[in-house]
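Thanks for coming, everyone. I'll keep this brief. Please look at the sequence and the model as they come up.

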Amino acid sequence: MAQFFSEVGAVKSLHARIGRALKTLTALHAESKAATRVDDMKQLRERMQEETDQTSQAAREAKTRLEALGTANDEANANVEGCEPGSSHDRTRRSVTASLTKRLKDLMGEFAELRQTLQVRACAAWLLRPLAL
């Protein structure tokens, strides 16, 4: 169980990293609304893109680790004594894995909403730009 909980800790740290990135992206988005200079806006876009890429990478890693936890749960049921289906160890493993998976899904839903907001704002800015005739 010690290895299981160390892996759970790693997944939780990835969740925290994703949460911090969401807050950073929200702050950058708010800052971009007030930016008036082109150079400032380009820098903000680059920082937002970097945060988005890092968040996507962390989410992929968390998903991979959660899938590995699910596989480890199944293997533990078959191979580890005291971890048979229905035992307290099995219920704990499955419960923790399910809650982490749900948390990742919720975080990625928030991330998708924020990303959609950013895309709509960028599209609206492009549509409302002054036309040079």
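**Fold and packing**

Reading along the sequence, the protein chain goes α-α-α. One caution before the details: this is a predicted model. In total the protein chain has three helices and zero strands.

Overall dimensions next. What does the C-alpha trace span along its principal axes? About 75 × 20 × 15 Å for the protein chain. A compact globule of 133 residues would come out near 14 Å. The protein chain has 21 Å.

Now burial. Of the 133 residues in the protein chain, 30% count as buried.

Then contacts. Take those in the protein chain between residues at least 6 apart in sequence. Of these, 71% join residues at least 24 apart.

On to the helix pair. Two packed helices are described by the angle between their axes and the distance between the axes. Helix 1 covers residues 2-34, and helix 2 covers residues 38-79. They pack at an angle of about 160°. Their axes are 9 Å apart. Why do we call helix 1 roughly antiparallel to helix 2? Because the cut-off for that term is over 145 degrees, and the angle here is about 160°, so helix 1 is roughly antiparallel to helix 2. As for handedness, helix 1 passes helix 2 in a left-handed crossing.

Who makes up that contact? By class, helix 1 against helix 2 involves 17 nonpolar residues.

Start with alanine 2. Alanine 2 sits in helix 1. Is alanine 2 buried or exposed? Its relative accessibility is 66%, so alanine 2 counts as exposed.

The other is aspartate 39. Aspartate 39 belongs to helix 2. Its relative accessible area is 49%. The exposed class needs over 50%, so aspartate 39 is partly exposed.

Alanine 2 and arginine 65 are 63 residues apart in sequence. In space, C-alpha to C-alpha, alanine 2 and arginine 65 are 16 Å apart. Now take aspartate 39 and arginine 65. Along the chain, aspartate 39 and arginine 65 are 26 residues apart. Their C-alpha atoms are separated by 39 Å.

To recap: the pattern is α-α-α, and helix 1 runs roughly antiparallel to helix 2. The crossing of helix 1 and helix 2 is left-handed. Over to you for discussion.

Conventions:
Residues numbered from 1 in each chain as written. Predicted model: local features only at pLDDT ≥ 70, side-chain atom pairs only at ≥ 80, totals over all residues. Heavy atoms only, no water. Axes fitted to C-alpha atoms, helices over the stretch in contact; angles between N-to-C directions. Helix = DSSP H or I, 4+ residues; strand = E, 2+ residues; numbered from the N terminus. Parallel < 35°, antiparallel > 145°, perpendicular 65-115°, else oblique. Left-handed = near helix turned anticlockwise from the far one by under 90°. Nonpolar A, V, L, I, M, F, W, Y, C, P; charged D, E, K, R; others polar. Buried < 20%, exposed > 50% of the residue type's maximum accessible area, 1.4 Å probe, protein only. Rg over C-alpha atoms; globule rule 2.2 N^0.38 Å. Contact = heavy atoms within 4.5 Å.
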